[in-house]
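Morning, everyone. Please look at the chain on the screen. I'll keep this short.

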Amino acid sequence: MRFVEWISRFAIVVPPLRERIDDLPMLISEALNQIQLRAEGSRKSLDPSAYRALATYHWPGNLRELTAVLERAVVASPSQVITPDHLPPLDEPEAPSRAASAFESEKAWVLDGLRRNRYRRGTTAAYLGISRKTLYNKMRRYGLLPAAHGMSESAR
């Protein structure tokens with residue numbers, strides 16, 4: 001019990017899967033092993049083109065989404081090899097229009113993200129690939145927060 005109390009005082013920060021693409025082969029292998037153990041069938045392998053499709057996806061759902069995609073692909077694949085045809089539809093990879101460099105200013109980039117996501121800040125932060133706190137800081141810097149968040153009318 002003392003060990004649990006001691007270890008619970010430390011925060012373990014794990015970066016999102018989109019920032020750990022180098023770990024993808026190991027994570028895919030382990031997920032396929034776990035799926036095989038649960039299904040009590042033979043282990044399926046991933047075709048290189050299917051791996052490329054998985055590697056270009058931005059994984060907003062992180063490891064859970066990766067596991068769910070692989071589970072569906074295992075069920076959909078009649079053979080021992082999972083091809084891109086067996087993968088469920090994945091969204092397009094990160095769109096270049098989300099990059100700040102595609103806009104004339106960072107403020108325009110943030111404003112575009114807010115408009116596309118109907119000013120939902122959590123959704124906008126995920127869409128832009130930044131943390132919610134970073135989004136708030138940028139909104140404060142560019143006067144995009146409503147007066148209720150401490151911004152005076154002169155700053156807007």
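This is a predicted model: local features need pLDDT of at least 70, side-chain atom pairs count only at pLDDT 80 or more; totals for chains, interfaces and linings use all residues.

The chain holds 7 helices and 2 strands. Read along the sequence, the order is α-α-β-α-α-β-α-α-α. Of the 156 residues, 31% are buried. Now take contacts between residues at least 6 apart in sequence: 53% of them join residues at least 24 apart. The accessible surface is about 10,400 Å², and carbon and sulfur atoms account for 54% of that.

Next, helix H5. It spans residues 106-116. Which of its residues are buried? They are Ala108, Trp109, Val110, Leu111, Asp112, Gly113 and Leu114. What covers them? The cover includes helix H6, residues 121-128, and helix H7, residues 132-141.

Now the backbone. Most residues other than glycine have a negative phi.

Tyr119 belongs to the loop between H5 and H6. Is Tyr119 buried, partly exposed or exposed? Partly exposed, because its relative accessible area is 47%, and that class runs between 20% and 50%.

Where is Trp59? In the loop between helix H3, residues 48-56, and helix H4, residues 62-76. Trp59 counts as buried because its relative accessibility is 0%, and the cut-off for buried is under 20%.

That's my tour.

Notes. Residues are numbered from 1 along each chain as its sequence is written. Side-chain values use heavy atoms; hydrogens and water are left out. Buried means under 20% relative accessible area, exposed over 50%, partly exposed in between (1.4 Å probe, protein chains only). Helices (H or I, at least four residues) and strands (E, at least two) are DSSP runs, numbered from the N terminus. Contact means heavy atoms within 4.5 Å. Accessible areas come from the Shrake-Rupley method with a 1.4 Å probe; for residues, only the protein chains shown count as cover.
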